[in-house]
Amino acid sequence: MIQPLTEEKHYTLTPGPEGLIETQTLEVSIGPQHPSTHGVFRMDCVLDGETVVALKPVMGYLHRNHEQLAERMAWLGSMPYTDRLDYFNSMTNNWAYALAVEKLAGIKVPERAEYIRVIVGELSRLQNHASVIGFMLQDLGAWGTPLLYAFREREKILDLFEAVSGSRMMCNYFRFGGVRVDFDEQMLNMARDITAKFPRFLDEFEKLLTTNEVLLARCQRVGILPKELAINASISGPMARASGVDYDIRKVDKYGVYGRVDFRVPLGDVGDVYDRYYIRVLEMRQSIKILEQALRDIPQGPHVAPEVKLRNFKIPPGDGYGRVEAPKGELGFYLVSDEGGKTPYRYHVRPPSFINLTILEDMCLGHKVADVVIILGSVDIVLGEVDR
Amino acid sequence: MGFLGKGLLEGMAVTARNFVGSYFDKERLVTVQYPEERVQVPENSRTFPFLVYDDDKDRVGTMRCVACKICEVECPPKCIYIVMDRDEKGKPQQRPKVFDLDISVCMQCQICVEVCPFDAIKMDNDYEKAQYGRFTELVERLPDLLKSNGYYHKIKPTEATAVDARLKEAAEKKAKKAAPAAKPAPAAGTAAATKTPATAKTAPAATAKAKIEIPPDAPFTPEQREWLGKFLSTVSVGAAPAPASSKAPAAAALATDVAATAVPTADAPWHDPALGIQQRLDLAKSKPLADKLMAAMAQTDCHACGYDCRGYADAIASGAEEDLSLCLPGEAETQQMLEKLTKEAGKA
């Protein structure tokens, strides 16, 4: 006796055309070991022919007990673990955690460190958006080409991350009250070089993709996320902005030096997969604008607040929520410190990938099963962050 | 937009340009033929930690690690295991007997390096660590972990020069501090004469006047040997190290302080890590409780407890600190002694 995959039974007989036999729906479990699920993630789809009539995301295959681990560890000890949430953007993960701790402990960050944070954060956004477009196109069937072009550019950014922080992906670069290593002139020039050359790559990338008829046919009017639903489901990041929700934490909170930097927040109007693709291209252009300003204005000074201790770092009782606009959306850390203050009493992560993924069924209903793959690709998930 | 298929054709032009360009344009061809060709890793690049020693003749003796266990405690995935070395009488030797590092657990986060007050543990950049086994092969033992200061200079020249300068400064500070203390504290003076492990460990450049020879059986290739020979000759004539770079880690100031304070003074003749715990307590016999407590500490001033030795003792004596288990290098011996001393004081 085979048990149905989903809890409610979706088997309903649908009458076929005149004179033919009746058909029934089919349950397909896509994943957890499936290349298009971007990791260990499972979707239980109920199909009527090729059309999706129900879909349940199943998460938890990569659960690593991140929050509980952090509650048993010194404040600094969790910093390298945050690298492993969204492993594409360890810089912004570090930033969100450092911001939450700084808020809780009342640490002031030196000016130069704020600029360095903006530079590495925006570089991280560039490489994330470039590669997520590559992965999405990979899901569409454009095997290799756009992804490898994106990875070629990403490599240059990772080279800079390695030169600065010592590691390409698991940077562990931020410290409470600043960053671990100062940018020297050579590293700044590397960043300037990347910023100067990236628009050329982006133009080429757009020429390859933006007006491509196949891409237009597969992406336009697919996986529409209405504005009201995006707001009600607390979707954030490029996904919400593609649906026309004008919400960017860089503008709302003005953390770091974003209050002083001139940039615009691109918005989509349809909220389909194509909008989500194009929003990311536009955001990369804005990131380059931010990078140019930050690299021009970066002041001299200390790169870390000298009064912050590495060891025996204690925080007075209280709670705080620090959030940043990570490339995937709003990444927040909610921290509670209690008596003693050596370890967090409560450590909670608000991961953008996880919350953006909850809306997957609403976007997929009525589409073909082949579209589910690109709709999932356009959400931009990293399973390290979904499951923690 | 023009005719249908214009976007496709434009896209194909892009791929053609990339394909042809990959033969002529370095920007477009970034592949490296790995085992034959290698990319030079940046200086900051990190993989797994190693332990630094100063002199090839006596690797274990000149190892900078004092087995204070700070890294063992601070390591987030707990991949370090340390047992302090003791002589046959059970006296701590201020160096590890066992130092195991499980590289299948290590996540290369560099926190051990940042928290080490003795500049003893540093990050390697050797990324070819593949092994044929899964168990003992992936545990690095003390002999595998020990690497020379010369090697450290080779992989991270700027950082290593800054560390050398810092250690030299600390040794000088210490020597200055030790000189006036020698007369009023004869007991400490004899101890210092018999063995000055900390000084020898931290400042080979200051003490080693003779030319250092590389032993013929040392595991070096001819190029490494030549380089090391050159490096050691500059060290033995006492060449001035380059000024400290701005890239010095945040623990720098602490390291200077720590290495400079662990030295016997007139007020605290027992403040010498070379003495045994009983000897130290004898020296503090007629002193108030805070001094007795201090004499029970391991005297490394490693700040593992959050204070220096004096500070921790004062905090316990005044009641500000109730936890008696914080002295990591002192191990159970110190904790038991602290419990005994505080109990006695409570009775009196």
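This is a predicted model: local features need pLDDT of at least 70, side-chain atom pairs count only at pLDDT 80 or more; totals for chains, interfaces and linings use all residues.
Chain B contains 15 helices and six strands. Of its 348 residues, 47% are buried. The accessible surface of chain B is about 17,600 Å², and carbon and sulfur atoms account for 59% of that surface. Contacts within the chain can be sorted by how far apart the partners lie in sequence. Among those in chain B that join residues at least 6 apart, 67% are between residues at least 24 apart.

One helix of chain B shows the burial in detail. Helix α13 of chain B, residues 289–296, is mostly covered, with six of its eight residues buried. The buried residues of α13(B) are Ala290(B), Asp291(B), Leu293(B), Met294(B), Ala295(B) and Ala296(B). Asp291(B) has a relative accessible area of 10%, which is under the 20% limit, so the residue counts as buried. The side chain of Asp291(B) meets that of Arg310(B) in a salt bridge, with an N to O distance of 2.7 Å. This pair links distant parts of the chain: Arg310(B) sits in helix α14 (residues 309–318) and Asp291(B) in helix α13, 19 residues apart.

A second salt bridge in chain B joins Lys129(B) to Glu140(B), and the closest N and O atoms are 3.0 Å apart. Here Lys129(B) lies in the loop between β4 (121–123) and β5 (139–140), while Glu140(B) belongs to strand β5; the two are 11 residues apart. Both Lys129(B) and Glu140(B) are buried.

Arg166(B) is another charged residue to look at, and its place is in helix α6 of chain B, residues 157–182. Is Arg166(B) buried or exposed? Its relative accessibility is 8%, so Arg166(B) counts as buried. The side chain of Arg166(B) makes a polar contact of 2.8 Å with the side chain of Asp119(B).

The next step is the interface. The size of an interface is often given as the accessible area lost when the parts come together. Between chain A and chain B the buried area is about 3,300 Å², and carbon and sulfur atoms give 52% of it. On the chain A side, Arg152(A), Glu213(A) and Arg311(A) lose the most area to chain B, together 20% of what that side buries. The contact involves 38 residues from chain A and 40 residues from chain B.

Polar and charged pairs also cross this boundary. The interface of chain A and chain B holds 17 residue pairs in polar contact and three salt bridges. Side chains of opposite charge can pair when their charged atoms come close. One example is the salt bridge of Glu114(B) with Arg175(A), in which the closest N and O atoms are 2.8 Å apart. In chain A, the helices α2 (79–82), α5 (145–165), α6 (185–209) and α7 (213–219) each supply at least two residues of the side that touches chain B. Of the elements on that side, α5(A) gives the most, with eight residues. Sorted by class, the side of chain A that touches chain B has 15 nonpolar, 10 polar and 13 charged residues.

Asn18(B) gives a view of the boundary from the chain B side. It is in helix α1 of chain B, residues 6–24, and its relative accessible area is 4%, so it is buried. What does Asn18(B) contact, leaving aside its neighbours within four places in sequence? The partners are Tyr149(A), Arg152(A) and Glu204(A) in chain A, together with Arg28(B).

Arg152(A) is buried because its relative accessible area is 10%, and Glu153(A) is buried at 8%.

Over all chains the count of salt bridges comes to 44. Some of them share partners: Glu122(A), Arg125(A), Arg241(A), Asp248(A), Arg250(A), Glu283(A) and Glu325(A) are joined by salt bridges into one network.

Note on methods:
Residues are numbered from 1 along each chain as its sequence is written. Chains are lettered from A and ligands numbered from 1 in the order in which they are written. Side-chain values use heavy atoms; hydrogens and water are left out. Contact means heavy atoms within 4.5 Å. Buried area is the accessible area (1.4 Å probe) that two parts lose on being put together, summed over both. A salt bridge is a side-chain nitrogen of Lys or Arg within 4 Å of a carboxyl oxygen of Asp or Glu. A polar contact is a pair of N or O atoms within 3.5 Å; within protein, one must be able to donate a hydrogen and the other to accept it, and residues adjacent in sequence count only if both atoms are side-chain atoms. Ala, Val, Leu, Ile, Met, Phe, Trp, Tyr, Cys and Pro count as nonpolar, Asp, Glu, Lys and Arg as charged, and the others, Gly among them, as polar. Buried means under 20% relative accessible area, exposed over 50%, partly exposed in between (1.4 Å probe, protein chains only). Accessible areas come from the Shrake-Rupley method with a 1.4 Å probe; for residues, only the protein chains shown count as cover.
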